Every structure is written in structure tokens, then in C-alpha cells.
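Work through these exercises on charged side-chain pairs. Try each task before reading its solution.

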Amino acid sequence: MIKLTIDGKEIELEEQVTVLEAARRAGIKIPTLCYFEGLKPFGGCRLCLVEVEKLPRLQTACTLMAADGMVVKTETEKIKAARRAILEFLLINHPLDCPVCDKAGECELQDLVARYGPDAGRFTEGKRHHPESFDDPIIVRNMERCVLCTRCIRMCEDLQGAYAITVTGRGSHSFVEPFSGGRYNCEYCGNCLTVCPVGAIMSRLHRHSYRPWFVEKEVETVCGYCGVGCSMVMQMREGKIIRTIPRMGLGLNNGLLCVRGRFGYDYLQSEQRLRSPLIRRDGELHEVSWSEALDYVASRLKEIKEKHGPQAIGAIGSGRCTNEDNYMLQRLMRFTIGTNNIDSSARLYYAPALLMLEGILGQGITANLIPGIKNADGVVVLGGDPTQINPILGLQIRAASRDGAKVITLGRAKGLERFAHIMLPGAPSNVDVVLGMIIQELREGVELKGENKWLQEQLSKVKVTEPIEGIPLDETIGALREMKNAVLVLGPEVLQSDNSDRTLLLVAALVYLLDARVFLLSERPNYQGAMDMGVLPDMLPGGRPLEMFKQKAEEALGREVPADRGLNLFEMIDAASEGRLKALYVMGENPVFNMPDKDRITEALKKLEFLVVQDIFLTETALMADVVLPARAWSERTGTYTNLERRIQFIRSGTDSADGMEDWRILEEISARLGEEKRFAILDEVWEEVVHVSPLHSGLGYDDIKDGKAIWPYKGEPLRGVEETYEIQGLDNIRPIKSGQVLQLDRPLYHSGSISRHSKALRSIEDEAFIVISTKKAEGLGLADGDIVKLITDRGSLQARIKIDSTVDEDNIYISNTFTEANFGSLSGYEAGRLGSLSLDKNPVKLEKV
């Protein structure tokens, strides 16, 4: 126990902290300028000076550790004089432009000068001048205002790990700039904006348009972009978002945001938002009233059900919609229409990967806390770059590396290039070989214990018949054997191959050998929630297998549940193409654009008798629909998301939407028109039924979720003892696949599917698709960054600029699927893999310099 006195107040501490922190715990505020919670103490601004008995000089409270018996004073005349002098020095070169500075009203220097500063300055010479920089698309720099607190630098280095800025120049000509000058070479996370105490680094989006007193309301919510589930605060005016910011101590992201979460919300105000329901008449979509549209949808679904049976109807849910929305969609399909034909885009990789991992290793294997990654002593990353797919999760890997953890990447991971100790090739043609080589070595001398006899048996079968040369196998095995607290991060790329079941078995074996925590990267905010709500053709709410829990679900609801397994996403496309599926209800998804083989999907949907699309934009899929229903967007709805940790979080409505209707409400209205007797007046009633029917969510109320108590397995009953076995081919004959160049889906940091193309802010950073190739490939073709090339497959061709990525395998060529002008879906094809996951085709790909 440490006892000290600050300003006459006795304080007791359980552990040693700085004097500044001790004072804050006691409610005593010591002024600071360079200090920021979460950053390493700097002691540069000298404003936190305090007097300590028996010490001859003033001390900086942010660096001085509290000691037993210490007596501290924080507001003596001597201290005030020192602070006044420091502020006078800072104002020598600081421009007095407070009325036009965008930081006015929340400027820490302004507040400190008002409290401690001099009445007038004595420095009569001219101030330094430095041109304002507009080199960056969403950040404006005014280094005349910079006070060299280095908060931004420490944030960029110590937390973001981007190392994009530093102090350049000397003396009074010192400024914070990019190393190379000009535009930032960074990830545009904007976290430097959070920590800047003055108006030196500001958002261009809010230039001369934002002041703190403009904010009429603040709403705490969860980001709607990816599966991390970052908490944020929406600052509102006149029913619109004027800024989104993080807060220290709020949520698992703890004061950090990525570029999408901080700047990508402006799609909500897009002029292209749907404003009215649409019905197709004479080949054209026409605006109609809500009642007419809902009546028409219900009558057509009823007609098709009576004529062709319930199995002729299917639905696609969404990883962008809430748990409540997805529950109501599966309720409409299962309990009102009577079919299990329901799935979501989680089918492309997330659902098959999760289900197989849980089948082998047990339910909840991926339910691990993201902040715990930084405490690992080893991290294995394969199948995608977490700093692009789930950026805040990627920062935890960087933090672990800085703290001494060994990071091993298998495949492309540009964002971890500076932090990885070993980078192994991970093209689909050789990922199984590399994993097999590792497992063969790693299992030697290890006694296989536990009850998982089937996995142990499969482990013993692993044999690589054609090893790959040039792999630093000894170094890799040595690093893996040293790991006592390992983490494995799995991305989508390893699942999108012909041998996805074998690949995932090898991943499970590596997890078993390392006793690692698993994290499955998620591109959408609610893939996990959609699955948990029963948006799967063979699973009921709560992740219960249909054939095992059908009766219990019927008893809970007093409703009949269809007995036959439904069609998954790929099977519904095939059934539509063959004429067996007559109607499809699509909620919050755009399969025509977001799935590979655009022509195949388009032709299949053309053969439907009835297509309903429920969305916020007139997407490529909506343009084909017979009825389009305008839904509400992320900030306009209330409900819950389940992130990739399986943490359930509450999202709150903040912005107005006079035109759209909440997804769950649309589905409720249609169900009522189809004869459903039970009505849901408010959202709470929907969740009450979820809790009633799902054993996993039993007893979990909204109050628990809002209080942060919704961590898996919640208060419910996780599914135990349902292990599965799989017929895995080729474990004893693992060798490279001669596939040539393969087209892969790029998942860029600045975009997320097709929704982000409506964000002016994100498009200001990256407004076109890039073809990403390896350094070796670029050298072989004589290409440089930015050159225009022609990408050719048997499905067509397109032109785009190239980006060179040193972590890309020579056989891989990447392109994103965001922009209509050049996209992945128009040139790629697919087949359903052995797990029911997406298997990309291996058709030849050519590059030609234009």
C-alpha cells in the first residue's frame, strides 16, 4: 500500500502509478498538454509541474512515480508562474486565429491560456510561418498551430503502428511532417486527430463547418462496417451525423478507430438512397406507397407458395443487418412460409469455417476477446491481412509484436510486414503444403492428449509428398515451439479453394498442437449474429442443428418447423437457374455484385418469378427486383450486433429516416399480411422471442447487453458434445497444386463491399480499383506502381492501375469488388466447395501492359 498526500488530501494506492494518475483518481485535476491516456508519458509540455516536499525543483507529474510518504502540491504561486511562462513561450509562434480555427471550443491550449496564461504577450518579433497543407484527401495540416506535444507521433507509432510522421527541422522551425514530405503515407485512421490538442491536424470533412456547440445530441453506438464492433459516439445535428469519434475507455477499441469507422459514415446522406418503395410495372420500377408494396409482396409470396409449395421460396439474410432483423427474416421463412431455404453471404467463407472449426474443436472455439491478442507470446496469421479486413484487431497483433511476441504470417499481410518475424508464402496452391510441413515437424515429440481421438488420428495421417523449397522451416518450428500463449488469426482466403476442408483440418490441427486461441476475421458487423439467429438452412436460432432441436423449437414457439434441410446460398442460385426456386427475398445483400460470376448470378435471378430486395440503395440486385423496399441504414436503426468475439453489442439509432422502414418492421408487416397472428409492436418484443426460442440467449436481456455483460456463452446453454467427423481426402499426399496465376478478391482498407462506394470521404482516398501484384511479377513485366494494365480472363477483361505488394505471392493477382468500372465479380467464377463454402475457379489470368 502506497500512501501520499496531494493538496492536503491523503491518497492510498494499491499499485504504483504516476503522481498525475494518483491525483486524477482522487479527483484532483493537474493541467497537461502532452499527456494523453494510453500513450507513453513524454514530459515535454511541462504544464503538469508540481511541487514535491524535499525535492528542490518542480517535477513533471506525468513522469514522476508516486512514492510512499510523498507530499505534493499542484497549485502554488510558483507553479502557476511556471505554467504562465510556459504558455507565454508556446504563444510566441502560435497564431491567434481562434475565431476561425476549427478546434475552437475544444482546444486544450485555449482552455489552459484562459486559466493560467498571461494577459498579453511580450514577444514583439514576427511569428514563424508555415504553409497550410492540403496534400491529404481527408486531413488538413496547419503546423503554425503545432505545439510539438508529440501526441500524434506517439499515437502513430505506439498504438497505430504506422510510423508515418515525425518531427522534422530544428528549433523554432520544427514541425510534425511525414518522413518523405508531402502526403501522409499512412492508413488515414484519423487517430492523430483524436489526440491533437490544438488545430494542427484536423479533418478536411469538417473544415469551417464544425464547432462543438453545433452538437445537439451525442449517441453511443457500434460501428457498422466490420466484425470487430468498435464503439463510437455519433455527434448529431438536425438529425444527421456531423462527426463520429471514439472515446478512451469506451468499448473494446478503447479510443481507436479505423478510416472506415471515422470517416465512412457519409454514405448515409447519399443522394442515391432509396426514398420510396418501388414496384416493377411494364419492365420499369415505379414509386408506390408502403401499403401497396407490402400488400403486393404478401400476395405474390402467398400465390407462389400455394402454386409451387413453400420450398419454391428462399431468402438471403445480411451480415449488415441486426440480430433482430435476421431473426425476423428466418421467422418469416420458417414459421410463416414454411421453408428452411435461408442463408447469407456468411456462406462465402465465415459460416463454413466456423461450423467446421466448432465441429472439430468444440462450440465457442472462436469466442475469444480481441484485446487479449496483445498479451499473446506468438501470433500466427493466415488467409488475409487483418489490418485491412478488421483493422482494430490488426492493431492488437502489432502491439503483441512490439511487446515481444513472435508473429508468423502465411500469405499476404502487407499491414504486418514491419511486425512479422517470419513471412511464409500462402497462395492457395501451396498453403496446404506449408501447413502440412509445419504440422509434420511440430507433432514430433508431442504426446497427443485429450479426448479428441478423431483429430489425433487425422494428425497422424498428415504427410507432405512434395515439400516446397525455400521455406524457413527450422526457424518457424522453433518459434512455434516457444509459444506458450498462442493466437491464430484466420482469414477468408484459405477457405476459397478446392481443398478447403483439408485446409481447415490442417488449421484445426495447428490450433490443437499450439493450444491456440482462434480469431476468425469477419468482413461484416454481424455475420456471427446472422448465424446465431438461424439464418442457415440447417440451423435454428441459438446455433442448434435442425434435425436435433426441431421439436424443442416447436415446443418453445408452439409452431411447426419445416423438417427438411433447406437450400444454402449457392444451392438457391442453382435452383433459381433450374427453375425450382420461384421467389427470392433478399435483405441487405447485393449478390449480383458481391458474389463472383456476375453473369451466372444475373441469369439465375432473371429466371425467378418474383424477386424482392430490401436495401438502402438501388443496388445491382435491386435493379432486377420486382419489388424494392427502402430499409433503414446502420445509424437509423436500433438493435444488436454479435461481433467476431461473439460479444453482443447494442446499436442505437441517431439519425432520422423519414423514408425507410426498419428491416424487422418490414418483415413483421409482411408476416401479418400472410396470416401471422402474433404481432410485434416494439423491438423489445422481438428480442424477448429470441430469448425464448434460443437456448444460447436464454435469460439475456437488453439491459445486460447495454451494460456490457453479453460475452459468450452469455447466460444461456452453449451446445456441448456435438463433435463431428469429416471425410478428408489427400491428407497423406499433400503437394503443390499447379494452378498458374489465380485471381483473388482484394479487401482494401479504405472500402467495404459495394456500400463504401457511396462514401465521398472514402472515395477521396481511393476512388478506383487497383490490380495488386507481387514485386517479382511487376519486375518480370517491367511494371511500376500506378502503371495501367489490362487484366484478362475467359470471362472478359478490364483496365486498371497496379499496386505492387511485396507480400503477394507471385501466382496471385488481386482486385477489389467495390467499383462498378472494374471489379472482381465480373471476371471471376466459382463453385461450391466441399464445405459448402466458396471455391474460386482457376481459369487462366493474363496481364498486359497498356
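**Exercise 1.** Find the partner of Lys414 in a salt bridge, and the distance between their closest N and O atoms.

Solution. Start with the rule: a salt bridge is a side-chain nitrogen of Lys or Arg within 4 Å of a carboxyl oxygen of Asp or Glu. Lys414 pairs with Glu417; their closest N and O atoms are 2.9 Å apart. Next, check accessibility. Buried means under 20% relative accessible area, exposed over 50%, partly exposed in between (1.4 Å probe, protein chains only). Lys414, at 33%, is partly exposed. Glu417, at 32%, is partly exposed too.

The model is predicted: local features need pLDDT of at least 70, side-chain atom pairs count only at pLDDT 80 or more, and totals for chains, interfaces and linings use all residues. Residues are numbered from 1 along each chain as its sequence is written, and side-chain values use heavy atoms, with hydrogens and water left out.

**Exercise 2.** Locate Glu810 and Lys776, and state what their pair ties together.

Solution. The closest N and O atoms of this salt bridge are 3.6 Å apart. Glu810 sits in the loop between strand 32 (796–805) and strand 33 (812–815), and Lys776 in helix 25 (residues 775–781), so the pair ties together parts 34 residues apart in sequence. Helices (H or I, at least four residues) and strands (E, at least two) are DSSP runs, numbered from the N terminus. Glu810 is partly exposed at 33%. Lys776 is exposed at 54%.

**Exercise 3.** Which residues are linked with Asp295 in a network of salt bridges?

Solution. The network links Asp295 with Arg665, Glu668, Glu669, Arg673 and Arg679. By the salt-bridge rule, the count comes to 58.
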